[in-house]
Amino acid sequence: MLIKVGNFEFTEVWDGVFYKKLSDYPRISDWEIRNLIEFIEYEEQHGRLCEIECENSALLKDVKEKIADRKKYVNAAKPQMITECTACLRKGCITEFVCHTSSAENAKKILNCGKLLSAVNARKQSAERLAEEKRNAANDPPDYFEYVMLGWGNCQAGDRLVTERKLGRFPDEHDLSERFTPGVRFYFKYTELVKHPDAVFDGVLPMKVKNEIVLRDWVYAIVIPTEERENLERAIPADLRDRVVYLENDCKDIWEWSEKVYNTIEKL
């Protein structure tokens with residue numbers, strides 16, 4: 001796996017390359033070093049060795065020296081806001097909550113079984129087969145499909161992915177505004193979900209959980225667009241009803257919706 005550290009638009013893994021965006025390029029924070037260490041260790045556990053590249057030679061030297069001093073950085077404190085990506089109204093990721101976003105169709109299945117399932121468990125297919133699917137545009141390796149993926153709570157990426165899967169193509173600006181259909185969000189307190197016995201930190205996502213997350217044990221809140229209330233209300237288990245919030249989508253685009261949802265979660 002190739003790691004490129006630099007001043008990219010955002011952090012992502014795409015087709016065998018980990019593009020690590022720095023929030024204050026060319027300076028790298030302790031938290032960003034921790035992310036790199038977690039990524040390298042996760043990859044090595046799955047038999048993939050990492051090579052680091054950076055156009056700035058002084059930065060590359062600094063990164064390698066700090067990664068070698070693992071004990072100093074592996075427990076670096078999580079910032080309250082991460083500004084590697086600023087594609088939201090707050091211009092950064094707020095780190096109090098993480099969430100998983102699904103389509104209404106998949107949310108009904110999740111609510112019926114009371115669990116968030118990894119793609120392998122939800123679709124009853126091998127990780128290898130899922131990795132070969134056309135929808136795996138990023139060419140993620142098979143092990144990625146063994147986890148429930150989570151993003152930061154105020155990020156719009158989950159709704160964007162729901163929209164992309166619905167359209168069968170990358171959404172354009174019009175798709176993310178007038179034609180935008182919000183997904184269902186499952187929220188978790190970061191400080192609580194880190195205690196999950198199968199929580200894993202891969203240096204890319206805030207965290208991911210192997211196999212499944214039992215909602216009654218971990219979920220903080222479930223945000224359902226009001227337009228899906230009739231469709232989903234009967235599927236909600238009795239022990240989760242007090243954690244469900246119905247929210248009207250009166251927003252002009254995906255970014256305004258994401259901010260409205262997160263404002264609601266903060267006030268609970």
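Predicted model: local features only at pLDDT ≥ 70, side-chain atom pairs only at ≥ 80, totals over all residues.
Cys155 takes part in no disulfide, and the cysteine sulfur nearest to that of Cys155 belongs to Cys93, at 5.5 Å. For Cys88 the closest cysteine sulfur is again in Cys93, at 6.2 Å, which is too far for a bond, because a disulfide requires the two sulfur atoms to lie within 2.5 Å.

Cys155, with a relative accessibility of 24%, counts as partly exposed.

## Overall fold and dimensions

The protein chain is assigned 11 helices and 15 strands in its secondary structure. Its radius of gyration is 19 Å, close to the 18 Å that the globule rule gives for 268 residues, so the chain is as compact as a globular protein of that length.

Of the 268 residues in the protein chain, 47% are buried.

Rolling a probe the size of a water molecule over the atoms shows where empty space is left. The second largest pocket has a volume of about 210 Å³, and the residues that line this pocket are Lys134, Arg135, Ala137, Glu164, Arg165, Gly168, Arg169 and Phe170.

Sorted by class, this lining holds five charged residues, together with two nonpolar residues and one polar residue. Among the lining residues, Lys134, Arg135, Glu164, Arg165 and Arg169 belong to the charged class, whereas Ala137 and Phe170 count as nonpolar, and Gly168 is placed with the polar residues.

## Thr264 in helix α11

Thr264 lies in helix α11, which covers residues 254-266. With a relative accessible area of 18%, Thr264 is classed as buried, because the limit for a buried residue is under 20%. Once the neighbours within four places in sequence are set aside, Thr264 is in contact with Val245 and Leu247.

How values were computed:
Residues numbered from 1 in each chain as written. Heavy atoms only, no water. 1 Å grid on protein atoms, 1.4 Å probe; cavity = no way out; pocket = protein on both sides within 12 Å on 5 of 7 lines; lining within 4 Å. Points joined across faces, edges and corners; volume = space filled by probe spheres on them. Buried < 20%, exposed > 50% of the residue type's maximum accessible area, 1.4 Å probe, protein only. Helix = DSSP H or I, 4+ residues; strand = E, 2+ residues; numbered from the N terminus. Rg over C-alpha atoms; globule rule 2.2 N^0.38 Å. Contact = heavy atoms within 4.5 Å.
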